[in-house]
Amino acid sequence: MRRAGLGEGGPGNYVASGYSAYEEENEHLQEGLRAKVSALKHLSIDIGTEVKYQNKMLDDMDSDFDSTGGLLGATIGRVKQLSRGSQTKLLCYMLLFCLFVFTLLYWFIKLR
């Protein structure tokens, strides 16, 4: 007995009907999807590693900036103390230093 549209009705007719072609195409697409998922997994792992490395670098920079800020604050404090002190004493020291340097330069030029 024949059924309409199914050919002979035996198990070998699935191959003839195109079922195998669809199954093959699905397996091919499935392999492509597996490859893309695997690539995405590796990419996300690499991104996570890079983020951890960048966070460590930022933490190191933060501690460096904190220590530099402390050093700069101490230096500015010393400069403020200098500016509050007697200006005449500082000017005298600078004048004597300049005279000493000019005297040395004069002797070096004269001896040539």
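These legends describe close-up views of one predicted protein model.

The model is predicted, so local features need pLDDT of at least 70 and side-chain atom pairs count only at pLDDT 80 or more, while totals for chains, interfaces and linings use all residues. Residues are numbered from 1 along each chain as its sequence is written, and side-chain values use heavy atoms, with hydrogens and water left out.

**View 1. The protein has three helices and zero strands.** Read from the N terminus, the elements run α-α-α. Helices (H or I, at least four residues) and strands (E, at least two) are DSSP runs, numbered from the N terminus. The protein has 112 residues, and buried residues make up 0% of them. Buried means under 20% relative accessible area, exposed means over 50%, and partly exposed lies in between (1.4 Å probe, protein chains only). The accessible surface comes to about 10900 Å². Carbon and sulfur atoms hold 66% of that surface. Areas come from the Shrake-Rupley method with a 1.4 Å probe; for residues, only the protein chains shown count as cover.

**View 2. Residues 90-109 carry a UniProt annotation.** The unreviewed entry labels them "transmembrane region". UniProt positions follow the numbering used here, feature names are shortened, and annotations may be inferred rather than shown by experiment. In the model, this stretch is 100% helix and 0% strand. Its end C-alpha atoms are 29 Å apart.

**View 3. A nonpolar patch lies on the surface.** Its members are Phe97, Phe100, Val101, Phe102, Leu104, Leu105, Phe108 and Ile109. Together they have about 870 Å² of accessible area. Patch residues have over 30% relative accessible area and no salt bridge; like charges are joined within 9 Å, nonpolar side chains (Val, Leu, Ile, Met, Phe, Trp, Tyr) within 5 Å. A salt bridge is a side-chain nitrogen of Lys or Arg within 4 Å of a carboxyl oxygen of Asp or Glu. Val101 lies in helix 3, residues 87-111. Val101 is partly exposed, at 30% relative accessibility.

**View 4. Tyr106 and Trp107 form an aromatic pair.** The structure holds one such pair. The pair is edge-to-face, with 6.2 Å centre to centre and 75° between the planes. Rings of Phe, Tyr and Trp (its six-membered ring) pair if their centres lie within 6.5 Å; planes under 30 degrees apart count as stacked, over 60 as edge-to-face and the rest as tilted. Tyr106 is partly exposed at 48%, and Trp107 is partly exposed at 47%.

**View 5. The structure holds zero disulfides.** A disulfide is a pair of cysteine sulfur atoms within 2.5 Å. Cys92 is partly exposed, at 46% relative accessibility. Cys98 is partly exposed too, at 36%.
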